[in-house]
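These are my notebook entries on one structure, written down in the order in which I looked things up.

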Amino acid sequence: MAVKNKYYTIWNGDKPGIYTGWENCKKQIKGIKGAQYMGFPTRAAAQEALDKGYKAALAARKKAKKPNPADLKKYGQPNMNSIAVDAASSGNPGKMEYQGVVTGTGKRLFHQGPFEEGTNNIGEFLAIVHGLAFLQQHKSDRLIYTDSRTAMSWVRKKHCNTKLERSEQNAPLFELITRAETWLKTNTYPNKIVKWETKAWGEIPADFGRK
């Protein structure tokens, strides 16, 4: 069972430091473009990360998440000649962003957001469609990895089946959703959309590192 984060380190926020509980963290990052934060189960771990800096803490977290040998044997190695997409949302709904990277190197290919009043599922959906359009533009048949089965289902159905209600704050996001659905209904693509097996391979390379 996953360990629940109790402490949150904020490097880029209203007042950088360590905060107890997600609600206190959220208040410090609300409205901050490019906010940098991460959750930890203990205050000592949060303090160590604060001292090291965001980039070092992010690198350490990715390195610590070792793949499960049994799952690795089951799924094999991922295709590094591909792209990986992911989204992050500070709240549900909350400020949301998404990105796509080269799986093998982590080089960022595209990034959108943050958007107001979004959800992680919407971001995952938009990230896949953006990736498909990106690969089409570059005439590439590379596959796309995502760790969201929900987003994969929405893409197959060519419909973002979110229960989020449209508001003045998230109107621009809903415009993007409409564009993405239209793109899916008017385009074909050779690219496979494949589930990223986190237990076997660790966090997806496009992960924002905020868990």
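**Entry 1: cysteines.** I started with Cys 160, which counts as buried because its relative accessibility is 5%, under the 20% cut-off. Cys 25 is also buried, since its relative accessibility comes to 0%. I then looked for disulfides and found that the structure holds zero of them. I note here that I am working with a predicted model.

**Entry 2: helix 5.** I turned next to helix 5, which runs over residues 120–137 and so has 18 residues by the DSSP assignment. From its first C-alpha to its last it reaches 25 Å, which is close to the 26 Å expected at 1.5 Å a residue. I listed its buried residues, and among them are Ile 122, Gly 123, Glu 124, Phe 125, Leu 126 and Leu 132. Just after the helix, I found that Lys 139 takes a positive phi of about 50°.

**Entry 3: the largest nonpolar core.** Which residues touch the most other members of the largest nonpolar core? I found that, of its 31 residues, these are Tyr 98, Ile 122, Phe 125, Leu 126, Ile 128, Leu 132 and Val 155. The elements that give two or more residues to this core are strands 4, 5 and 6 together with helices 5, 6 and 7. Helix 5 supplies the largest share, with nine residues.

Once its neighbours within four places in sequence are left aside, Leu 126 is in contact with Met 96, Tyr 98, Leu 173, Leu 176, Ile 177 and Ala 180. I also recorded a second, separate core of ten residues, which includes Met 38, Ala 46, Ala 49 and Leu 58.

**Entry 4: annotated positions.** In the UniProt record, an unreviewed entry, I found the feature "binding site" placed at Asp 86 and Asp 207. Although these positions are spread over 122 residues of sequence, they cluster in space, with a largest C-alpha distance of 5.7 Å.

Where does Asp 86 lie? I located Asp 86 in strand 4, which covers residues 83–91, whereas Asp 207 is found in the segment after helix 8 (198–201). Are these two aspartates buried or exposed? Asp 86 is buried, because its relative accessible area is 2%, and buried means under 20%. Asp 207 counts as buried as well, since its relative accessibility is 7%.

Definitions and conventions. Residues numbered from 1 in each chain as written. Predicted model: local features only at pLDDT ≥ 70, side-chain atom pairs only at ≥ 80, totals over all residues. Heavy atoms only, no water. UniProt positions renumbered as here; feature names shortened; annotations may be inferred. Helix = DSSP H or I, 4+ residues; strand = E, 2+ residues; numbered from the N terminus. Buried < 20%, exposed > 50% of the residue type's maximum accessible area, 1.4 Å probe, protein only. Disulfide = S-S within 2.5 Å. Expected span 1.5 Å × (residues − 1). Core = buried A, V, L, I, M, F, W, Y, C linked by side-chain atoms within 4.5 Å. Contact = heavy atoms within 4.5 Å.
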